[in-house]
Amino acid sequence: MQTTLLTLAMSLSAPALKEKLKGSGDIVGEWIVESIQSTGKVKAPGVAREEMRYIFAENDGLVVMRGERKIGGDARGYTIDAKKSPATLDLIADTTDEESSVTHGIYKIEGNRMTMVIPRGRGTRPTAFEVTQELPGTLYILKRVKPKE
């Protein structure tokens with residue numbers, strides 16, 4: 001009886017787990033920032049900025065690099081909801097702190113390109129892939145880094 005209940009419980013929970021992994025799988029990997037638009041101003045990362053990289057781990061961990069320096073702490077994280085339209089991305093400053101700040105953004109992936117919009121400060125979640133004076137924030141265009149073979 002216990003084996004039957006355990007099997008039933010595992011089979012019912014497995015689809016939800018697979019969906020979560022499927023949704024986060026698209027974002028997992030290393031991404032190089034190609035351009036940044038901050039409230040109307042476009043900047044290429046090489047101009048007056050060091051190369052920026054976002055590394056999204058399968059375990060919901062996040063590392064942000066500027067050149068060879070890690071930005072933020074070791075406990076950064078993220079959550080996504082790829083089923084929403086637009087897909088949502090929440091950046092967590094410290095996953096070990098229940099009261100840590102969370103920035104509510106959006107993202108889309110098209111092939112090997114990701115577009116991400118993050119509001120300025122702790123503003124409300126954007127609803128479109130644009131930033132203006134009325135919708136202040138930062139729009140990032142990133143390119144997936146091919147894994148080394």
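Is Gly-123 buried, partly exposed or exposed? I looked this up with the caution that the model is predicted, and found that Gly-123 counts as partly exposed, at 28% relative accessibility. Gly-123 is found in the loop between S9 and S10. I also checked its distance to Pro-136, which is 13 residues away along the chain, and the C-alpha atoms of the two are separated by 8.4 Å.

**Entry: the chain as a whole**

I then stepped back to the secondary structure, which comes to 1 helix and 10 strands, and reading along the sequence I noted the pattern α-β-β-β-β-β-β-β-β-β-β. Of the 149 residues in the protein chain, buried ones make up 30%. The chain exposes about 9700 Å², and carbon and sulfur atoms supply 54% of that area. Turning to contacts with a separation of 6 or more, I found that residues 24 or more positions apart account for 39% of them.

In soluble globular proteins, nonpolar side chains tend to be buried together. Here I looked up the largest nonpolar core, which has 20 residues, and the members that touch the most others are Tyr-54, Phe-56, Tyr-78, Leu-89, Met-116, Tyr-140 and Leu-142. The elements that give two or more residues to this core are S1, S3, strand S4 (62-66), S7, S9 and S10.

**Entry: aromatic rings**

How many aromatic pairs does a search of the whole structure find? The search finds 3. Tyr-54 and Phe-56 form one that is stacked, with 6.2 Å from centre to centre and 15 degrees between the planes, and both of these residues are buried.

Why does the pair of Phe-56 and Tyr-78 count as edge-to-face? I found the ring centres 5.0 Å apart and the planes at 90 degrees, so the pair is edge-to-face, since planes over 60 degrees apart are counted that way. Phe-56 lies in strand S3 (residues 52-56) and Tyr-78 in strand S6 (residues 77-81), so this pair ties together parts that are 22 residues apart in sequence. Phe-56 has a relative accessible area of 1% and is therefore buried, and Tyr-78 is likewise buried, with a relative accessible area of 1%.

Taking the ring pairs together, I noted that they link Tyr-54, Phe-56, Tyr-78 and Tyr-140 into a cluster. Another ring, that of Phe-129, has the charged end of Lys-108 sitting over it, 4.7 Å from the ring centre.

**Entry: salt bridges**

Side chains of opposite charge can pair when their charged atoms come close. My count of salt bridges came to 6.

In the salt bridge of Arg-53 with Glu-30, the closest N and O atoms are 3.1 Å apart. Arg-53 lies in strand S3 and Glu-30 in strand S1 (residues 29-38), so the pair ties together parts that are 23 residues apart in sequence. Arg-53 is buried, with a relative accessible area of 13%, whereas Glu-30 is partly exposed at 26%. I also noted that Glu-30, Glu-51 and Arg-53 are linked in a network of salt bridges.

The side chains of Arg-69 and Glu-50 meet in a salt bridge as well, at 2.7 Å from N to O. This pair links distant parts of the chain, with Arg-69 in strand S5 (residues 69-71) and Glu-50 in the loop between strand S2 (41-43) and S3, 19 residues apart. I found Arg-69 partly exposed, at 44% relative accessibility, and Glu-50 partly exposed too, with a relative accessible area of 36%.

Which residue forms a salt bridge with Asp-90? The partner is Arg-125, and the closest N and O atoms are 2.9 Å apart. Asp-90 lies in strand S7 (residues 87-92) and Arg-125 in the loop between strand S9 (113-119) and strand S10 (137-144), so the pair ties together parts that are 35 residues apart in sequence. Asp-90 is buried, with a relative accessible area of 14%, while Arg-125 is partly exposed at 29%.

Terms used. Residues numbered from 1 in each chain as written. Predicted model: local features only at pLDDT ≥ 70, side-chain atom pairs only at ≥ 80, totals over all residues. Heavy atoms only, no water. Phe/Tyr/Trp six-rings, centres within 6.5 Å; stacked < 30°, edge-to-face > 60°. Buried < 20%, exposed > 50% of the residue type's maximum accessible area, 1.4 Å probe, protein only. Helix = DSSP H or I, 4+ residues; strand = E, 2+ residues; numbered from the N terminus. Lys NZ or Arg CZ within 6 Å of the ring centre and 35° of its normal. Salt bridge = Lys/Arg side-chain N within 4 Å of Asp/Glu carboxyl O. Contact = heavy atoms within 4.5 Å. Areas by Shrake-Rupley, 256 points an atom, 1.4 Å probe, with all protein chains shown as cover. Core = buried A, V, L, I, M, F, W, Y, C linked by side-chain atoms within 4.5 Å.
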